[in-house]
There are 2 protein chains.
Amino acid sequence: MKKKREGKTTSKIFDDHDHGMCFDDAIEQIENYFLKKNLQFTPLRRKVFEILIRDHKPLGAYEILEALGRDGFSSSPPIAYRVLDFLMEHGFVHKIQGLNAFIACSHPNHSHSPAFVICRKCEKVAEIDEKKSGISFASPNIKNFEVEKTTVEMTGVCTTCSSAATI
Amino acid sequence: MKKKREGKTTSKIFDDHDHGMCFDDAIEQIENYFLKKNLQFTPLRRKVFEILIRDHKPLGAYEILEALGRDGFSSSPPIAYRVLDFLMEHGFVHKIQGLNAFIACSHPNHSHSPAFVICRKCEKVAEIDEKKSGISFASPNIKNFEVEKTTVEMTGVCTTCSSAATI
DNA sequence: CATAACATGTTATAACATAACACTACCAGT
DNA sequence: ACTGGTAGTGTTATGTTATAACATGTTATG
Ligand SMILES: [Zn+2]
Ligand SMILES: [Zn+2]
Ligand SMILES: [Zn+2]
Ligand SMILES: [Zn+2]
């Protein structure tokens, strides 16, 4: 059986971006980036990114594979994982560890350590900015350790879901 | 084939606790907690916790299962996952999302949002305290969202590993 | 003792991820 | 044009992590 991953309601923190613009911007930005870096934005890579940015919600690798299959691409697992790794290396996709899922980056311009807010009911996910949100995550400067990557995920319930339900 | 999960070197951030004491304390604390809460600290639960606290390093569920098998317990997957879920509910075990592994809590007294420092070379893991370490993680108070659980993991390389190796 | 709640055991399968190798296209140096 | 290297994609098989569903035993509690 399949794990549910629908999502139906919204809450303010999840709605603070204009996704129409977000989508167009994202495509343009990734194109420019690849051009500038002399990287190939192949049909497969473009398609995977489009699948992720289209609804701008986290998708499991196998959901991406299904979508690829529907669009005439190969849908064996390594296809998705390789492209996802590539897009993550360049900061256009992040992995949500708590969901084993992947999501298109919401702030692909500046390099950043992403933080995510995840509603465990509707499974909506928002990528937040250190400064913009209440969260202040002082740059981790641990003694005797060089931090290369941080994972920050906040799971809970959004207002819409909590007001709608009987817990 | 098996993923490596050995760990051989140490760095200061990983050595700031006396594990002999840590082990004894942990056992005593979990016993007291279960007694006070009228929960059953069954042989299976005790064994799982002992396996985790013994070396105080992250173990995969299937590693725990092997250890259980060696000690005469059943070693089918649900056994481990159920006990781990239970111990996590009560704050005595945490899951390291970046490693798909479980580790005994280092600060089982006070309720806390654990944060972890993970060396990707030796796979040593330290659970750090907000205040004690350089990290300051302001309590996330996001608008229109009630945070229930935070995941904070910092991956990098410890001094020992970085000084030892040719990157 | 009845019975409900909790705990463990067992089988099967789902969900997630990678290894290894094959094939093609493209480009650089000869 | 030949050669060898690199990058991208395709394919098969398998490894790894986690859960569903159901059976059995064990422990309060009225
Ligand atoms: Zn968007
Ligand atoms: Zn929600
Ligand atoms: Zn310890
Ligand atoms: Zn190390």
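Let's start with the sheet. In this predicted model, six strands make up one open sheet, and the pairing is mixed. Reading across, the order is β4(A)-β3(A)-β5(A)-β5(B)-β3(B)-β4(B). For anyone new to sheets, the strands pair through backbone hydrogen bonds, either parallel or antiparallel.

Which strands stand at the edges? They are β4 of chain A, residues 125–128, together with β4 of chain B. Each has a single partner strand, so one side of each is left without a neighbour in the sheet. From one strand to the next, the twist averages 20°.

In chain A, β3 (residues 115–119) and β5 (residues 145–158) run in the parallel sense and are joined over five bridges. If you want a place to look, find A:Val117, which stands opposite A:Met154 in β5(A).

Next, the metal in chain B. Which residues hold the zinc ion, ligand 4? The SG atoms of B:Cys119, B:Cys122, B:Cys158 and B:Cys161 coordinate the ion, at 2.2 to 2.3 Å. Along the sequence, these donor residues follow the spacing C-x2-C-x35-C-x2-C.

As for geometry, the angles among the four donor atoms of this zinc ion run from 101 to 124°, and the site is tetrahedral. For reference, the ideal angle for four tetrahedral donors is 109.5 degrees.

Are B:Cys158 and B:Cys161 buried or exposed? The cut-off for buried is under 20% relative accessible area. B:Cys158 has 0% relative accessibility, so it counts as buried. B:Cys161 has a relative accessible area of 7%, so it is buried too.

Last topic: backbone angles. Most residues other than glycine have a negative phi.

Take B:His56. Where does B:His56 lie? You will find B:His56 in the loop between α2 (43–55) and α3 (61–70) of chain B. B:His56 counts as buried because its relative accessibility is 11%.

Then B:Glu123. B:Glu123 sits in the loop between β3 (115–119) and β4 (125–128) of chain B. With a relative accessible area of 17%, B:Glu123 is buried.

Conventions. Residues are numbered from 1 along each chain as its sequence is written. Chains are lettered from A and ligands numbered from 1 in the order in which they are written. This is a predicted model: local features need pLDDT of at least 70, side-chain atom pairs count only at pLDDT 80 or more; totals for chains, interfaces and linings use all residues. Side-chain values use heavy atoms; hydrogens and water are left out. Donors are N, O and S atoms within 2.8 Å of the metal (3.2 Å for Na, K and Ca); water is not among the atoms, so sites may look incomplete. Four donors count as tetrahedral if all angles lie between 85 and 135 degrees; four count as square planar and six as octahedral if opposite donors are over 155 degrees apart and all others between 65 and 115; anything else is irregular. Buried means under 20% relative accessible area, exposed over 50%, partly exposed in between (1.4 Å probe, protein chains only). Helices (H or I, at least four residues) and strands (E, at least two) are DSSP runs, numbered from the N terminus. Two strands pair if DSSP finds at least two bridges between them. Axes are lines fitted to C-alpha atoms, for helices over the stretch in contact, and angles run from 0 to 180 degrees between N-to-C directions.
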